[in-house]
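Biologist: I have some time for this one now. Walk me through it, starting with the terms.

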Amino acid sequence: MSIRVAPCRQDEVSLIEQREPPGVRLARHYFASQQRGDSTYLVGWVDGVPAGTGEVALSGRIELRNLHVDEEFRGRGVGSAIIAAAESVVGTGMLSVGVGLANHAARRLYERLGFVASGELETTTYSYFDAEGVSQTATETDEYLTKRLEGRRD
């Protein structure tokens, strides 16, 4: 299995949207943010299929947000590849990621890749669409994990 991660192109948005719950339009939203220069919207491709995505926020706190790997591709390196691409986008400095306190699998992945707990907690209430496209509301407490990036040494 070959994984390729690259910033989203406009002609890929509709293909990514086809894998989202009905009416969600997250890919369109994240791509618009990339077009404004606020973020880089990364897509992990496996054999021409968008297997996962993540958004690197480039203003304020430099943060990897909204990392998602489709269930059928989990445990196959897609998330790690997107995280590595996010680190390349940032280059040097600090990269943060908020991880839900109950999301133990994601936390293990980030820690294995060198992220460390900052002790900074944030509780947010947000809306999302479930698998059927129905709007839901949730409250979640995240802890920020951080990683100091030294950049490439050639």
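Modeller: Two strands count as paired if DSSP finds at least two bridges between them. Strands (E, at least two residues) and helices (H or I, at least four) are DSSP runs numbered from the N terminus. The model is predicted, so local features need pLDDT of at least 70 and side-chain atom pairs pLDDT 80 or more, while totals for chains, interfaces and linings use all residues. Residues are numbered from 1 along each chain as its sequence is written, and side-chain values use heavy atoms, with hydrogens and water left out.

Biologist: Fine. How many bridges join strand 3 to strand 4, and which way do they run?

Modeller: There are 5 bridges, and the two strands run antiparallel.

Biologist: What about the hairpin of strand 3 and strand 4?

Modeller: It has 5 residues between the strands, and Gly 60 there takes a positive phi near 70°. Another glycine with positive phi, Gly 37, follows helix 2, with a value near 90°.

Biologist: Which residues of helix 2 are buried?

Modeller: In helix 2 (residues 26-36) they are Ala 27, Tyr 30, Phe 31, Ser 33 and Gln 34. Buried means under 20% relative accessible area, exposed over 50%, and partly exposed in between (1.4 Å probe, protein chains only). Seen down the axis of helix 2, the buried residues fall within an arc of 155°, so they line one face; the arc is taken from the directions from the helix axis to the C-beta atoms.

Biologist: And what does the face turned away from that buried side carry?

Modeller: Gln 35 and Arg 36, which are exposed. The buried residues of helix 2 pack against strand 1, helix 1, strand 2, strand 3 and strand 4, where contact means heavy atoms within 4.5 Å.

Biologist: New topic. Which residues touch the most other members of the largest nonpolar core?

Modeller: Leu 64, Val 78, Leu 95, Tyr 110 and Phe 115, out of 22 residues. A nonpolar core is a set of buried Ala, Val, Leu, Ile, Met, Phe, Trp, Tyr and Cys residues joined through side-chain atoms within 4.5 Å. Helix 3 gives the most to this core, with 6 residues. Apart from it lies another core of 9 residues, among them Ile 16, Tyr 41, Val 43 and Trp 45.

Biologist: Last one, Lys 147 in strand 7. Buried or exposed?

Modeller: Lys 147 counts as buried, because its relative accessibility is 17%. The side chain of Lys 147 reaches the backbone oxygen of Leu 113 at 2.6 Å. A polar contact is a pair of N or O atoms within 3.5 Å; within protein, one must be able to donate a hydrogen and the other to accept it, and residues adjacent in sequence count only if both atoms are side-chain atoms. Not counting residues up to four places away in sequence, Lys 147 touches residues including Glu 87, Leu 95 and Phe 115.
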